[in-house]
Amino acid sequence: NKQKSEKKKKKKKKTIKVMKEQTKTHKEPLTIVTYHTSVVAPYNAESMKESVDKLAALAEADRKRQELEEAKNKLESKVYSIKNYVEDNEEELDKVSTKEQREELVKLAGDTEEWLYDDGYDAGLEQFNDKYKELNTPAEKMFFRLAELTKRPLAVTKMKEKLERTRSLMTKWETDREWVTEEERNDVIEKIEKAEKWIEGKLEEQEKVEKHEDPAFRSAEVPLQTKGLEQLVMRLSKKPKPKPPKEEEKPVEPEGGDNATVGETEGDVDAADDSEDKGGDKDETKDGKEEGNGEEEG
């Protein structure tokens, strides 16, 4: 039984080879014919262009209608705004306008309102824009003078404070930043004096202007007078401190050089002196001995 089971286990497996199926692609040109079964004919190039032009014309008409409505609303809003502003701020406006100017402005606003609901009903965009400009120009001049009444003095005060701080800074730099030259500091002082001269001249002109006239200068002009000055001070503040001059390095003395030779020579001289001293002492001793011998013989 054992042998039979072992034979069964050792039975070889058969391998069957299968050939892979090969495919080939064949291409044939096809002729396509289009036709329509619907009652509605398809768009051709001419019909498409006609439809696109019609849509563009409708969009343009909508744009013009919207612009006209916006211009009408803008003018109507300006009319009510002017009437209410003059009525609510008459006391303040009295500082920059005459009574006749305010009455004329309110009358102009009333006339424009009547035109809106009469001739303006069928008016075009250009007419609305012209009416807005006619009403807005005198109103803006009056309101601008009122705004400048407070803005202008503030701008002048800020400018004078800035100039004074810059002048003090130049004085401080004389000791704190010695590397900023006197010529450079004088250039800053010249720009300060130029700005001061400008503002003083404009203030004198403003004093001669009547309250209902345009101002001699605007608050927006004031900061522009110190722009060049600020750039110069900024550039000088970034000027680096110069580095201290480098100390000259002393040459290193070579070992066993001239100094050593000199030392050796000096040592030789000292040794020679010592030997001469010792030689002298010996001679004196000999002489002393000879003298002693002579005395004994005598």
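I take a patch as residues with over 30% relative accessible area and no salt bridge, like charges being joined within 9 Å and nonpolar side chains (Val, Leu, Ile, Met, Phe, Trp, Tyr) within 5 Å. This is a predicted model, where local features need pLDDT of at least 70, side-chain atom pairs count only at pLDDT 80 or more, and totals for chains, interfaces and linings use all residues. Residues are numbered from 1 along each chain as its sequence is written, and side-chain values use heavy atoms, without hydrogens and water.

Patches. I looked up the negative one and found Glu 87, Asp 88, Glu 90, Glu 100 and Glu 103. Helix H2 (45-88) and helix H4 (99-116) each give at least two of its residues; helices are DSSP runs (H or I, at least four residues), numbered from the N terminus. Glu 87 is in helix H2 and counts as exposed because its relative accessibility is 61% (buried is under 20%, exposed over 50%, partly exposed in between, with a 1.4 Å probe and protein chains only). I also noted a nonpolar patch of about 320 Å², made by Tyr 43, Met 48 and Val 52. Val 52 lies in helix H2 and is partly exposed at 46%.

Salt bridges. I take one as a side-chain nitrogen of Lys or Arg within 4 Å of a carboxyl oxygen of Asp or Glu. The structure holds 19. Glu 67 and Arg 63 pair at 2.6 Å, N to O; they are four residues apart in helix H2, so about one helical turn separates them. Glu 60, Arg 63 and Glu 67 form a network of salt bridges. In helix H5 (residues 125-176), Lys 131 and Glu 134 are three residues apart, and their closest N and O atoms are 4.0 Å apart.

Technical notes
Areas by Shrake-Rupley, 256 points an atom, 1.4 Å probe, with all protein chains shown as cover. Lys, Arg positive; Asp, Glu negative; His and termini not counted. Charge placed at Lys NZ, Arg CZ, Asp CG, Glu CD.
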